[in-house]
Protein chains: 2
Amino acid sequence: MHLLLDGRGPLHAQLTRALKTAMVAGRVSQGSRLPPTRLLARELGVSRNTVLTAYEQLRAEGFVDGRIGSGSYATLPLLTVAANDPQPLTSQPQSNFSRRGRIVHDHARIPGRRVDGVRYAFQYGMPLVNPALATAWARELAHAAAYTSPNYPYTQGLPALREAVCDYLARRRGVQATPDDVLIVNGTQQAMALTARVLLNEGDRVAVEEPQYFAMRELLQIHGAHLTGVPVDAEGLCCDALPSRSPQLIYVTPSHQFPSGSVLSLSRRMELLQYARHNQSWIFEDDYDGEFRYDSQPLAALRSLDHDGRVIYVGTFSKTLFPALRLGYLVMPAALRQDFITAKWTQDFGSAPIEQAALASLMANGGFERHLRRASKILRERRAALLDGLRALSAGRLEIADSRAGMHLVAWLRDKNAADGEAMIAHGQRLGLGLHSIRPHYLDPPDRAGLLMGYGGMSVTEIQEALVLFSRCLDAAYA
Amino acid sequence: MHLLLDGRGPLHAQLTRALKTAMVAGRVSQGSRLPPTRLLARELGVSRNTVLTAYEQLRAEGFVDGRIGSGSYATLPLLTVAANDPQPLTSQPQSNFSRRGRIVHDHARIPGRRVDGVRYAFQYGMPLVNPALATAWARELAHAAAYTSPNYPYTQGLPALREAVCDYLARRRGVQATPDDVLIVNGTQQAMALTARVLLNEGDRVAVEEPQYFAMRELLQIHGAHLTGVPVDAEGLCCDALPSRSPQLIYVTPSHQFPSGSVLSLSRRMELLQYARHNQSWIFEDDYDGEFRYDSQPLAALRSLDHDGRVIYVGTFSKTLFPALRLGYLVMPAALRQDFITAKWTQDFGSAPIEQAALASLMANGGFERHLRRASKILRERRAALLDGLRALSAGRLEIADSRAGMHLVAWLRDKNAADGEAMIAHGQRLGLGLHSIRPHYLDPPDRAGLLMGYGGMSVTEIQEALVLFSRCLDAAYA
């Protein structure tokens, strides 16, 4: 009998494992007699005691029948479940969620993901790298690891972090909330996943801005929502185009429409709130980058104007700190508070406490604000470098969408259709320049060429160098 | 006009905010004239320029109408959405998920949660506190924070961690898997939440052990599954009691049935796999504490005996390290791999990379195994202290369920019903002793008194001191 010992742990345990493997694989058939202990010991060059111990263990586990001494017989029950007879599994999706997931989401083609082999990439969502922040964060984490309870988390989030979030929201975003209103989540994506659970049955209607962030759209579609796109213009969501059949939920980015860049005007804010009130709709206010603004004071958040408790306000630290943090927050309407906490509990019990404690400390000791000031200054320079550069090389070919906030802008190519845009992106890739179409962010993409250009992760020098390549792409497109 | 300046940032910004607040709150009614700039400047003791700047900002944002100089008028649009007229919101649940959540889950009464005012608690799930581990973890986190990409995570999990998990599973749990099979998740709860998404429509049938871990049961119920309890005995799940109508999913804890403590025998393992194959059911194998065993080698995991790709094997670091870590893993059947990755992506994009990197490092450099060895030794002592103590004071009153693994055991009170058990728990609490009923872990609780006694978080001395109180409770119960 050929037995392969794996060399780990005591010899008798190795032998036990090897015999089991042989039996499960069908190399020892059911009912057949195992080699006598003396014989096997000699064959393997181990002591007879080792073999006896292994046989005893096998007997204890039901792999072997018979008394030691009178022969041991393999009794692996129901051995017909054999290794060599794998039934081909259906690859049908096993739930409606999975079925929609296969239709909607293609993990190999996520919009905006960095393509191999490019030297520069105007990639949306890349964090601004701040070495001082990395150092501060390492220190906060180490400290929090030593002082945070190792036990299960508070489902709603660490009280200290919820307090710090409320303080931040009141000072910088004009949102009044108490720690009881706040739910700590693993980023905006989880905030929407929970909202879908709390608010939406399969087939429920959701109004989304058109264009919209593709990941939110896919999440809602896979959840089973029925989406309606509402156009946006320079004042943000066109409220008069909101659907006449009441949507259960309206997903908006009022501080800085993603990806078009417009800011929802105050009158539209009021109109939207009135619509929501009239239609008993809920509003998901995604304030993903409203912190970074370049020309004026931010407008009041929808949440701060909402007196009906219809707005779910959501913020994230992915843009203000870095995406690997996976922490964000949700300001819950009172009527949904318990439902949100239950939903969070069912999904993962609560977010990781050590990171929450580290973040609460960073916010309390000023490290967060220091980073924000620094990041604001740097992003302003990067935005100026990109805007100035694009304007200088445009020669009337580019239509640069207004963008007074955040870390991206949209550049439309005048008189070019979608296919022209794809050709330009392909050309960029050959030159080592990563460009990204805006089209994946539409429910119903227009036949125009538009680029979503992120600048948060590139230095001014990199932007300027990338623009040299961009200029060549543009010339080729209009040649 | 009474305006409260908040003292943050430039004066004109403070004034702008204060005026907006007054308007939104209805203290300045629509169409009314704002005070002339000179007057307001004098009133507030600020320069006229400050007031002019504030009025201009308000005009730019649409809060004020009229030209500077000819009077400024509050124009807050649609002010009928007034602060003083909040519509009472329906508190009806907004989705089937929320409706079931309200019925099933009571966040204020989570079984096993520590009660205030107790001095000792036989609480399940408390981590073993190891100062050496806390130190090592702080160091790993600080290092990982400095060297991990700040960008969005890999949805499937950091490759280095998936490799470390495969290595661990092969060596210590007998499970063969490649990094492609592994999905990193935020603990077992998320593993089941994703499984529910991937496999279950509302109304689908799920077989669970009876008793079972309450949190999994509630998650499945709130998801909308139709549950059937299958009894367990000293050999684990009674396979001959599996339902005749095929369940889509079977949830089991073969290494150490939770909470009863039995280990699923090998013949039952084979029977269960054959049932799953015959019924095209999926199996969720929750190996939550199989690492800690006290008498024999562990049996082969279901996953290692499964040749049909029907087993979803799930492990967690909550028991081997500590629950605040919020990391676990799922070994996916090939047929479901893409669906699982998509589901994880929709829920939170991926688990936090810094913690994953820290954990991969701890597993690679031996720190994890060092902790396991130490924890095993300590848990063995604690288990012995509890078992010896209970046997010594039982006098035939306790029936201690077999428990050869983990960090808890079950003690039944002979001839006592559920009400007697509640009385004993209440008595314990008056003495400062936390005791926990096993009944919340049943779909259909028996009318017997049983205690789920966790010992992982108590030192031997604490266990002995707690047993003195326990003895008094027991005497009272049988007085």
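Q: How many salt bridges are counted between chain A and chain B?
A: In this predicted model, the count between chain A and chain B is two salt bridges.

Q: Why is the pairing of Asp339(B) with Arg102(A) called a salt bridge?
A: The closest N and O atoms of Asp339(B) and Arg102(A) are 2.7 Å apart. The cut-off is 4 Å between a side-chain nitrogen of Lys or Arg and a carboxyl oxygen of Asp or Glu, so a pair at 2.7 Å qualifies. Side chains of opposite charge can pair when their charged atoms come close.

Q: What else shows that chain A and chain B meet?
A: Contact is counted for heavy atoms within 4.5 Å, and by that rule 108 residues of chain A are in contact with 107 residues of chain B. The two chains bury about 9,300 Å² between them, and carbon and sulfur atoms give 60% of that area. There are also 30 residue pairs in polar contact across this interface, with both residues at pLDDT 80 or more. On the chain A side, helix H12 (residues 337-348) gives the largest share, nine residues. By type, the side of chain A that touches chain B holds 53 nonpolar, 37 polar and 18 charged residues.

Q: What makes the relation between chain A and chain B that of a symmetry axis, and which axis is it?
A: Chain A is superposed on chain B by a rotation of 180° with 0.1 Å of shift along its axis, at an RMSD of 0.2 Å. That is the relation of a two-fold axis. Of the residues of chain A, Ala142(A) comes closest to the rotation axis, its C-alpha lying at 2.7 Å.

Q: How do you know whether the copies meet through the same surface or different ones?
A: Of the interface residues of chain A, 99% are also interface residues in chain B, so the copies meet through the same surface.

Q: What are the domains of chain A?
A: Chain A is divided into domain 1 (11-83), domain 2 (105-128 + 370-477) and domain 3 (132-367).

Q: How do you know that domain 2 and domain 3 of chain A touch, and what supplies the area?
A: The centres of these two domains of chain A are 26 Å apart, taken over C-alpha atoms, yet 31 residues of domain 2 are in contact with 39 residues of domain 3. About 3,000 Å² is buried between the two domains of chain A, 59% of it on carbon and sulfur atoms. Arg404(A), His441(A) and Leu443(A) supply 24% of the area that domain 2 buries against domain 3, more than any other three residues.

Q: What kinds of polar pairing are found between domain 2 and domain 3 of chain A?
A: Polar contact, in contrast, is counted for 17 residue pairs, both residues being at pLDDT 80 or more. Helix H14 (367-394) and strand S13 (408-413) of chain A are the elements that give two or more residues to the domain 2 side. H14(A) gives the most, eight residues. That side divides into 17 nonpolar, eight polar and six charged residues.

Q: Why does the pair of Glu369(A) and Arg171(A) count as a salt bridge, and what does the pair link?
A: The closest N and O atoms of Glu369(A) and Arg171(A) are 2.7 Å apart, and the limit is 4 Å, so the pair counts. The pair links distant parts of the chain: Glu369(A) is in helix H14 of chain A and Arg171(A) in helix H6 (residues 159-172) of chain A, 198 residues apart.

Notes: Residues are numbered from 1 along each chain as its sequence is written. Chains are lettered from A and ligands numbered from 1 in the order in which they are written. This is a predicted model: local features need pLDDT of at least 70, side-chain atom pairs count only at pLDDT 80 or more; totals for chains, interfaces and linings use all residues. Side-chain values use heavy atoms; hydrogens and water are left out. Copies are superposed by least squares on the C-alpha atoms of residues with pLDDT of at least 70 in both. Domain bounds come from an automatic or database domain assignment. Buried area is the accessible area (1.4 Å probe) that two parts lose on being put together, summed over both. A polar contact is a pair of N or O atoms within 3.5 Å; within protein, one must be able to donate a hydrogen and the other to accept it, and residues adjacent in sequence count only if both atoms are side-chain atoms. Helices (H or I, at least four residues) and strands (E, at least two) are DSSP runs, numbered from the N terminus. Ala, Val, Leu, Ile, Met, Phe, Trp, Tyr, Cys and Pro count as nonpolar, Asp, Glu, Lys and Arg as charged, and the others, Gly among them, as polar.
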